Amino acid sequence: MGAAHSGRGNREVVVDVAGAVLRIGVVGGSIAGCAMAIAGARAGAEVTVHERSEAALEDRGFGIAIPPPLHRELVAAGYLDAGMPTAPAPSRLWLARQSGRPAARELARQDGAVTACHWGLLWRTLRANTGAAVRYHRGQPVTGVRRHPSGGAVLRTADAEHVYDIVVGADGPRSVTREAVAPGVRPVPAGYAVWRGTLPLTALAGHPQVLELLRGTWITLGYRGGHGIFYLIPGTAPESRLLAYAIYGSPPPATWTAAHETYVRHIAREHFPADWADLVGGGEHTSMAYHPVTDLHPPQVADPPFLLAGDAASITRPHTASGATKALQDALCLERVLRGASSPAEALRGYAAERQPEGARLVALGRRLGRAMVERTPDWEAMGAAEVAAWSRATLDGADSYLHGRVQG
């Protein structure tokens, strides 16, 4: 760093006042880790990623929503490819089961545009775009980090210690790196759960009206005690599509003896309109998972030479649809501060000044959405466009969210 740069091919190389190239070690090679690696490499640093899994990660099949402006920015900056398959949804549709009837009733429509992605395809694109400048090591769990007398950081794996100028913790909810920045901070349970899943588009063959709705919208389906989110995402096969969902509600009772993943079928049959109950309750899923909802925000997200990104920095409740989004924004911020700072410490302080309050804002927003959409659900069946608009304004309480656009009357 030190405001000095040297040429290496077609990219700038950030060097310190002694002429040494900045070295960045990234703990975790998932979406956050790959994005942070691209950020460091684009800023001219030598980057090494340590990923604990020996297997490739692209087979994870759940859906991710990204704000369209962020998607365009990431494509323009070279993080994502314009050709990566997506499933844009320009508006949001609110549904509930009609009182006393199995049919669905439309409550409201909102602008709320999203660019829907497949987790595995997003990871695959980021991984490819780390390029040859980034060393990516699989099967290297990081067992600990500590400060080096030089002012840098030591990253420890099973068979070696590695010294870096900056260590990025992109190692998820159970982050090892977080202990160096905010020791003792752990995820806090919300008291309810989310079920994620995907179904092949063939499951919609007998539900043409549902398919027609999904072609132009992403859907929120409210029920007493929770809600479900439904949207189309690209499949891994060319030109294919999947129906992705996230359904929120109370965990299975203690008397439930089947796998927790399958309890979502019970929720669907009990509470959803007939078409949706048939899809989730009886459909042949391509993936299904159960997760207790948690959140977390540490008192700081950077303490030179360490910084945190993605879920290692803060865990937001999924209602905000900001997990991957926040990680990608973390990466854009890192690239920007690395390019403009005169030292690693200055860059990390700039990163913390921007990303710390944003993480806190999203965690607070997720808690408000959780209370309003799961813990104290309104009478969805009685709501219309005006009620949804008033509910959205009261829930957001002045906060910005790309998911809640203008309600169409």
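**Figure 1. Helix α3 and the elements that cover it.** In this predicted model, helix α3 spans residues 119-129, and its buried residues are Trp-119, Gly-120, Leu-121, Leu-122, Trp-123, Thr-125 and Leu-126. Here, buried means under 20% relative accessible area, exposed means over 50%, and partly exposed lies in between (1.4 Å probe, protein chains only). Helices (H or I, at least four residues) and strands (E, at least two) are DSSP runs, numbered from the N terminus. The cover over the buried residues of α3 includes α1, β5, β9, β10, β17 and α8. After α3 comes Gly-131, with a positive phi near 75 degrees. Residues are numbered from 1 along each chain as its sequence is written, and side-chain values use heavy atoms, with hydrogens and water left out. Because this is a predicted model, local features need pLDDT of at least 70 and side-chain atom pairs count only at pLDDT 80 or more, while totals for chains, interfaces and linings use all residues.

**Figure 2. Leu-126 and the nonpolar cores.** Nonpolar side chains tend to be buried together in soluble globular proteins. A nonpolar core is a set of buried Ala, Val, Leu, Ile, Met, Phe, Trp, Tyr and Cys residues joined through side-chain atoms within 4.5 Å. The largest such core has 64 residues, and those touching the most other members are Ile-24, Tyr-79, Leu-126, Val-168, Leu-307, Leu-334 and Tyr-351. A second, separate core holds 34 residues, including Ala-108, Leu-365, Ala-372 and Trp-391. Setting aside neighbours within four places in sequence, Leu-126 is in contact (heavy atoms within 4.5 Å) with Ile-31, Cys-34, Ile-38, Tyr-79, Leu-80 and Leu-328.

**Figure 3. Helix α2 and its packing partners.** Helix α2 covers residues 68-77, and Pro-68, Leu-70, His-71, Leu-74 and Ala-77 are its buried residues. These buried residues pack against α1 (31-42), β5 (63-66), β9 (114-118) and α8. Gly-78 follows α2, and its phi is positive, near 95 degrees.

**Figure 4. Glu-335 in helix α8.** Look for Glu-335 within helix α8, which runs over residues 323-340. Is Glu-335 buried or exposed? With a relative accessible area of 8%, Glu-335 is buried. Apart from neighbours within four places in sequence, Glu-335 is in contact with Ala-39, Arg-42, Ala-43 and Tyr-79.

**Figure 5. His-137 in strand β10.** Strand β10 consists of residues 134-137, and His-137 belongs to this strand. His-137 is partly exposed, at a relative accessible area of 29%. Not counting residues up to four places away in sequence, His-137 touches Thr-48, Val-49, His-50 and Glu-51. His-137 and Leu-328 are 191 residues apart along the chain, and their C-alpha atoms are separated by 21 Å.

Figure 6. Two strands pair if DSSP finds at least two bridges between them. Strand β3 (residues 23-27) runs parallel to β14, joined by 4 bridges, with Val-26 opposite Val-168. Strand β21 (residues 306-308) is also parallel to β14, through 3 bridges, and Leu-308 is the bridge partner of Gly-169.

Figure 7. Of the 5 residues in strand β12 (residues 153-157), 4 are buried. Strand β11 (residues 142-147) pairs with β12 in the antiparallel sense over 5 bridges, and Val-145 stands opposite Leu-155. The hairpin of β11 and β12 has 5 residues between the strands, and there Gly-151 takes a positive phi near 105 degrees. Strand β13 (residues 161-164) runs antiparallel to β12, with 4 bridges joining them. This hairpin joins β12 to β13 through 3 residues, and Ala-153 faces Tyr-164 across the pair.

**Figure 8. An open sheet of 8 strands.** The strands of this open sheet follow the order β19-β15-β18-β17-β16-β7-β8-β22, with mixed pairing. At the edges are β19 (287-295) and β22 (407-408), each pairing on one side only. Within the sheet, β16 (residues 217-223) and β17 (residues 226-234) pair in the antiparallel sense over 5 bridges, and Tyr-223 stands opposite Gly-226.
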